[in-house]
Amino acid sequence: MENKKELRGWLDAFGLDHPLVIAGPCSAETEEQVLKIAHQLKNTDTSVLRAGIWKPRTRPGNFEGVGALGLKWLQKAKEETGLLTTTEVANANHVDLALKHDVDILWIGARTTVSPFIVQEIADAVKGTDKIILVKNPVNPDLALWLGAVERFYEAGITKLGVIHRGFSTYEKTRYRNNPEWQIPIDLQNSFPDLPLILDPSHIAGRRDIIFELCQTALDLNYDGLMVETHFDPDNAWSDAKQQITPATLEKMTVDLKIRKVEGDEAEFNNQLNTMRTQIDLIDDQIMDMLGKRMKIVDNIGALKKKNNVAILQVKRWNEVLGRMILEGEHNKLSEEFVLKIYKAIHQESINHQKKVINE
Ligand code: PEP
Ligand code: MN
């Protein structure tokens, strides 16, 4: 697949002067719930109502969705509010039912994108339709797998395509439910600038309090839209309760978010500058995070040295580290002088840390 302007045609057709907003509950629960949320989202920046009908659960025993019955509620919500609708499809039968109920946009869930067989089955099922397909990133951080899924739809003749960034799972528990790994969508955006890129802050965050900052980062990176889980009573939602926000909170967020998308030469310059600065900020965050992690291990070594009565400074080891990093630096086009400066500073901080541990 090549980057083509036509990929974003469906998005441009919305004629919006702000990023596309898709909102609605994690799961459709009852007819009243779907309709109430849809009405609360009507006349806001939201253009598309989302609701999961079939829920892929990591472990059995959780709410697995109301099933096809919920599609009628989505249809009714569309009739009453004029919002377009979207739901997740995970097999050909889901596609068939969603098409019968006139769902406008189908999204492919993160647990489906990992499986080329299922993606192909779904691509075959939507062949010949003019549906919009949004492909969530796979649960594992693999750009080729993500793109591969998009390509299966493209090859099936679907040109109304987009991707949803919902973060990547990690074994290590972090601040996020799913690590954003911003570099992956940034790389994708560089290769396919016209493939609409939508952020799902809800599944990245897994909690409410950082949804706003995730959305702001995405807008600074020039994302085309947001998909936010929204419920009138988030705490009592049947799935993903911790991460849902109310339609009113979403509305306030869309007002407070700074949208940097503007036209004109100077604006274009500022836009590009901002995007690149945001990329640098994200890398700087990672550098600090890695340095922090490095120092934690250094502290543990300090404790071990203390227990075994070994001196802090071990010249042979230090020279090995330095030699290895100078070579690494060369691969990354960093001068020896620069690498030496950085590593001397890191080494000094490590010694300070170990002194502290040893004297405790
Ligand atoms: C969802 O959007 O509710 C969902 C299940 O998402 P994901 O596939 O990203 O986990
Ligand atoms: Mn969810």
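**Figure 1. Tryptophan 107 is found in strand β4.** The model shown in these views is predicted; local features need pLDDT of at least 70, side-chain atom pairs count only at pLDDT 80 or more, and totals for chains, interfaces and linings use all residues. Residues are numbered from 1 along each chain as its sequence is written, chains are lettered from A and ligands numbered from 1 in the order in which they are written, and side-chain values use heavy atoms, with hydrogens and water left out. Helices (H or I, at least four residues) and strands (E, at least two) are DSSP runs, numbered from the N terminus. Tryptophan 107 counts as buried, at 1% relative accessibility. Buried means under 20% relative accessible area, exposed over 50%, and partly exposed in between (1.4 Å probe, protein chains only). Apart from neighbours within four places in sequence, tryptophan 107 is in contact with Arg50, Ala51, Gly52, Thr86, Thr87, Glu88, Val89, Leu134, Lys136, Ile164 and Met227, where contact means heavy atoms within 4.5 Å. One of these residues, threonine 87, is 20 residues from tryptophan 107 in sequence and 6.0 Å from it in space, C-alpha to C-alpha.

**Figure 2. Histidine 101 lies in the loop between α4 (92–100) and β4 (105–108).** The relative accessible area of histidine 101 is 11%, and the residue is buried. Histidine 101 touches Leu71, Lys72 and Gln75, if residues up to four places away in sequence are not counted.

**Figure 3. Four residues of the protein are donors to the manganese ion (ligand 2): Cys26 (SG), His203 (NE2), Glu229 (OE) and Asp240 (OD).** These donors lie 2.1 to 2.4 Å from the ion. Donors are N, O and S atoms within 2.8 Å of the metal (3.2 Å for Na, K and Ca); water is not among the atoms, so sites may look incomplete. The spacing of the donor residues in sequence is C-x176-H-x25-E-x10-D. Glutamate 229 belongs to strand β8 (residues 225–229) and aspartate 240 to the loop between β8 and α11 (247–256), so this pair ties together parts that are eleven residues apart in sequence. Glutamate 229 is buried, with a relative accessible area of 1%. Aspartate 240 also counts as buried, at 14% relative accessibility.

**Figure 4. Helix α2 (residues 31–41) packs with helix α3 (residues 69–81).** Two packed helices are described by the angle between their axes and the distance between the axes. For α2 and α3 the angle is about 30° and the axes are 9 Å apart. Axes are lines fitted to C-alpha atoms, for helices over the stretch in contact, and angles run from 0 to 180 degrees between N-to-C directions. The two helices, α2 and α3, are therefore roughly parallel to each other. Angles under 35 degrees count as roughly parallel, over 145 as roughly antiparallel, 65 to 115 as roughly perpendicular and the rest as oblique. The crossing of α2 and α3 is right-handed; a crossing is left-handed if the near helix is turned anticlockwise from the far one by less than a right angle, and right-handed if clockwise. On the α2 side the contact is made by Glu31, Val34, Leu35, Ala38 and His39, and on the α3 side by Trp73, Leu74, Lys76, Ala77, Glu80 and Thr81. The contact of α2 with α3 has six nonpolar, two polar and three charged residues. Ala, Val, Leu, Ile, Met, Phe, Trp, Tyr, Cys and Pro count as nonpolar, Asp, Glu, Lys and Arg as charged, and the others, Gly among them, as polar.

**Figure 5. The axes of helix α7 (residues 143–155) and helix α8 (residues 183–191) come within 10 Å and cross at roughly 50°.** Helices α7 and α8 are therefore oblique to each other, and α7 passes α8 in a right-handed crossing. Leu143, Trp146 and Leu147 in α7 meet Ile184, Pro185, Asp187 and Leu188 in α8. Of the residues in this contact of α7 with α8, six are nonpolar, none polar and one charged. The buried residues of α8 are Ile184, Pro185, Ile186, Leu188 and Gln189. Their cover includes α7, β6 (161–165), β7 (197–199) and α12 (265–307).

**Figure 6. Phenylalanine 212 is found in helix α10 (residues 211–220).** Phenylalanine 212 is partly exposed, with a relative accessible area of 33%. Not counting residues up to four places away in sequence, phenylalanine 212 touches Met253, Asp256 and Leu257. Phenylalanine 212 and aspartate 256 are 44 residues apart in sequence and 9.0 Å apart in space, C-alpha to C-alpha.
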